[in-house]
Amino acid sequence: MQAVDRAVDVLEFLAGRRRAGVTEIAAALDVHKSTAFRLVNALAARGLVEQREQRGKYCLGFELIRLGGAKRFQPDMITLANPVCERLAEEVGETVNIAVSEDGMAVNIAQARGLAAVITQNWMGRRTPLHATASGKVLLAFTPARERSDLFAAELEEYTSSTVTDVAVLEAELAEIVGQGYGLASEELELGLNAAAAPVRAADGTVVFAVSASGPSYRLTAERLPDVAKSVIDAATEISWLLGWLPE
């Protein structure tokens, strides 16, 4: 049981750190480096952690996403999307996330950070409400109407005074998102947090996830959001092309 506990500790540590080496993991778990190395190797063998880009640095593996049940998500999609997200984060200087819709929530499954966003919170693995986030609203906008009705059967929770809780108002906004190709959220989940998001399509045209750029409202201002949205749309379109989507 101790080995299982330690393996879970490794996953939780990496979830909070994005990437870490064996020495850092050993220090965090208060175990010998060789023990940490064996744990990481065992997890890597099952795809639960992996090495990407930096030799010696480990991050959470795609197998966790499959186990988490993101039904329409394919791991190689994120492999293709990551470089685009990194460039977008560098361009806008904010945190970029990829989110999928799962069990009535938006689940963040990948993240890149711009230079201005180094002290922002980690969104990896976090579940956020669909109606109160830019990514969530984009995912909702491309969800079949019948499924949306099921989601709206319960009262929509108000997180801030800006959260849209009126279903009719939200439906009108979702229609606008479909028309313009992006969604915005201004302090709707948290005070001081703004975001812009756009849909990413698979080869068959299905929206498989949303890409967003988010940041503090003093930096990612309401006036700046439309320009950031254009960059997010460009990134989402590029990822869609990489996944084989060709607009008609």
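Author: Start at a loop: Glu 187 sits between S7 and S8. Bear in mind that this is a predicted model.

Reader: Why is Glu 187 called partly exposed?

Author: Its relative accessibility is 28%. Buried means under 20%, and exposed means over 50%. The value falls in between, so Glu 187 counts as partly exposed.

Reader: Which loop holds Asp 103, and why is Asp 103 called exposed?

Author: Asp 103 is in the loop between S4 and S5. Its relative accessibility is 61%. The cut-off for exposed is over 50%, so Asp 103 passes. Asp 103 also has a positive phi, about 55°, although it is not a glycine.

Reader: And Thr 133: why does that residue count as buried?

Author: Thr 133 has a relative accessibility of 11%. Buried means under 20%, so the label holds for Thr 133. This residue belongs to the loop between S6 and H6.

Reader: Which residues does Thr 133 touch beyond its neighbours within four places in sequence?

Author: Thr 128, Ala 185 and Leu 189. Contact here means heavy atoms within 4.5 Å.

Reader: What makes H6 a mostly covered helix?

Author: The count for H6 (residues 134–141) is eight buried residues of eight. Among them are Gly 136, Lys 137 and Leu 140.

Reader: What is the strand order in the open sheet of six strands?

Author: The order is S6-S5-S4-S9-S8-S7, with antiparallel pairing.

Reader: Why do S6 and S7 stand at the edges?

Author: S6 (127–129) and S7 (183–186) each have a single partner strand, so one side of each is left without a neighbour in the sheet. On average, neighbouring strands here are turned by 35° against each other, direction ignored.

Reader: How do you know that S8 and S9 pair?

Author: Count the bridges. Two strands pair if there are at least two bridges between them. S8 (residues 193–201) and S9 (residues 207–216) have nine, in the antiparallel sense. One example is Ala 197, whose bridge partner in S9 is Ser 212.

Reader: Which helix lies across S7, S8 and S9?

Author: H9 (residues 225–242) does, running at about 25° to S8.

Reader: How many bridges join S1 to S3?

Author: Two, between S1 (residues 20–21) and S3 (residues 57–60), which run antiparallel. The cut-off is at least two, so S1 and S3 count as paired. S2 (residues 49–51) pairs with S3 over three bridges, also antiparallel.

Reader: Which residues touch the most other members of the largest nonpolar core?

Author: Val 96, Ile 98, Val 200, Phe 209, Val 211 and Ile 239, out of 33 residues. The elements giving two or more residues are H5 (75–92), S4 (95–102), S5 (105–113), S8, S9 and H9. H5 supplies the largest share, eight residues.

Reader: Take Ile 239. What is in contact with Ile 239, leaving aside neighbours within four places in sequence?

Author: Ala 81, Val 84, Cys 85, Val 200, Phe 209 and Val 211. A second, separate core has 19 residues, including Ala 7, Val 31, Ala 36 and Val 40.

Reader: Which totals describe the whole protein chain?

Author: Of its 248 residues, 48% count as buried. The protein chain has nine helices and nine strands. It exposes about 12500 Å², with carbon and sulfur atoms supplying 53%.

Conventions:
Residues are numbered from 1 along each chain as its sequence is written. This is a predicted model: local features need pLDDT of at least 70, side-chain atom pairs count only at pLDDT 80 or more; totals for chains, interfaces and linings use all residues. Side-chain values use heavy atoms; hydrogens and water are left out. Helices (H or I, at least four residues) and strands (E, at least two) are DSSP runs, numbered from the N terminus. Axes are lines fitted to C-alpha atoms, for helices over the stretch in contact, and angles run from 0 to 180 degrees between N-to-C directions. Buried means under 20% relative accessible area, exposed over 50%, partly exposed in between (1.4 Å probe, protein chains only). A nonpolar core is a set of buried Ala, Val, Leu, Ile, Met, Phe, Trp, Tyr and Cys residues joined through side-chain atoms within 4.5 Å. Accessible areas come from the Shrake-Rupley method with a 1.4 Å probe; for residues, only the protein chains shown count as cover.
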